[in-house]
Amino acid sequence: MARRTERSSRPLSKSKYLTGFACHRLLWHEVHAGDLPELAPDLEAQFRMEQGNAVQARARAEFPGGVLVASPDFATEQRLEETARALAGGAPCVFEATVVAAGAIASADVLRRAGDGLELIEVKQSLSVKDDDLEDVAFQLWVLREAGLAVPRAFLMHLNKTARYPELAGLFVIEDVTARVEPHLAAVPVELAAQRAMLAAGPPGPMLVRHCRKPKPCPLFEKCWPAFPPH
């Protein structure tokens with residue numbers, strides 16, 4: 001029980017929040033039973049992570065003079081200190097800028113200095129802005145503002161479908177998504193509170209949601225529905 005309480009009290013990351021936003025039951029198992037073999041990333045997931053890391057690295061090259069917060073993900077205190085130093089030092093951009101607020105932790109892909117504060121830029125390996133991306137950016141923006149940073153605008157940086165090798169000067173497109181994200185902000189603290197309450201209790205029962213099958217089948221589907229009734 002003490003171990004469960006410790007896990008439940010850790011700040012929720014963006015990936016965990018988005019998992020819970022899709023399905024509370026899946027989040028509970030990721031936090032409290034993360035060693036289940038079904039939750040181990042398959043080859044496709046590993047490839048997507050490697051591809052995402054490559055896109056992130058290429059995107060950082062678009063912002064000369066930026067400072068990367070390089071401490072590992074588990075070293076939260078070091079990441080917070082690196083972020084504070086980079087911002088205090090006047091870096092034009094901070095990559096993976098990390099803040100903690102209200103029981104959540106956010107690591108911004110790009111935090112760019114602007115005349116009236118900072119701008120959040122989230123990088124995606126997709127070719128356009130998708131609806132699910134708005135929840136992603138909303139979480140990041142809400143946590144940054146809760147941490148006391150002035151971040152009036154948010155952008156999504158994705159691959160340009162018209163770019164052709166070897167002419168890659170226009171590899172990325174940066175779209176202002178502030179107006180589309182703002183309506184989602186009020187729901188973030190409500191969902192965070194619901195997730196934290198759920199994690200402190202037992203696992204919720206199975207339920208059928210869109211994310212059981214999309215964007216890909218949930219790894220715990222067979223556990224939730226071992227004897228799924230016929231149509």
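**Rings, a serine and a sheet**

Arginine 213 lies over the face of phenylalanine 221 in this predicted model, at 3.9 Å from the ring centre.

Visitor: Which other arginine lies over the face of a phenylalanine, at 5.7 Å from the ring centre?
Guide: Look at phenylalanine 155. A charge counts as over a ring only within 6 Å of the centre. At 5.7 Å, the residue over phenylalanine 155 is arginine 112.

Visitor: How many aromatic pairs does a search of the whole structure find?
Guide: Ring centres must lie within 6.5 Å to pair. The search of the whole structure finds three.

Visitor: Are the rings of tyrosine 17 and phenylalanine 21 stacked, edge-to-face or tilted?
Guide: A ring pair is described by the distance of the centres and the angle of the planes. Here the centres are 6.2 Å apart and the planes stand at 35°. Stacked needs under 30 degrees and edge-to-face over 60. So the pair is tilted.

Visitor: Which residues form one aromatic cluster with Tyr17?
Guide: Tyrosine 17 and phenylalanine 21 are four residues apart in helix H2 (residues 14-22), so about one helical turn separates them. Both belong to one cluster. Its members besides Tyr17 are Phe21 and Phe139.

Visitor: Is tyrosine 17 buried or exposed?
Guide: Buried means under 20% relative accessible area. Phenylalanine 21, at 38%, is partly exposed. Tyrosine 17 has 1% relative accessibility, so the answer is buried.

Visitor: Which backbone oxygen does the side chain of serine 126 reach?
Guide: Serine 126 sits in the loop between strand E4 (117-123) and helix H6 (131-146). This serine is buried, at 15% relative accessible area. At 3.0 Å, its side chain reaches the backbone oxygen of serine 128.

Visitor: What is the bridge partner of histidine 158 in E6?
Guide: Serine 126 touches His158, along with Asp133 and Leu159, not counting residues up to four places away in sequence. Strand E5 (residues 153-159) pairs with E6 in the antiparallel sense, over five bridges. In E6, the partner of histidine 158 is valine 173.

Visitor: Which strands stand at the edges of the sheet?
Guide: The open sheet has six strands in the order E1-E2-E3-E4-E5-E6, with mixed pairing. An edge strand here has a single partner, so one of its sides is left without a neighbour in the sheet. These are strand E1 (67-68) and strand E6 (172-176).

Visitor: At what angle to E2 does helix H5 run?
Guide: Helix H5 (residues 76-88) lies across E1, strand E2 (93-101), strand E3 (104-114) and E4. Relative to E2, the helix runs at about 125°.

Conventions
Residues numbered from 1 in each chain as written. Predicted model: local features only at pLDDT ≥ 70, side-chain atom pairs only at ≥ 80, totals over all residues. Heavy atoms only, no water. Phe/Tyr/Trp six-rings, centres within 6.5 Å; stacked < 30°, edge-to-face > 60°. Helix = DSSP H or I, 4+ residues; strand = E, 2+ residues; numbered from the N terminus. Buried < 20%, exposed > 50% of the residue type's maximum accessible area, 1.4 Å probe, protein only. Lys NZ or Arg CZ within 6 Å of the ring centre and 35° of its normal. Polar contact = N/O pair within 3.5 Å; in protein donor to acceptor, adjacent residues only side chain to side chain. Contact = heavy atoms within 4.5 Å. Pairing = 2+ DSSP bridges. Axes fitted to C-alpha atoms, helices over the stretch in contact; angles between N-to-C directions.
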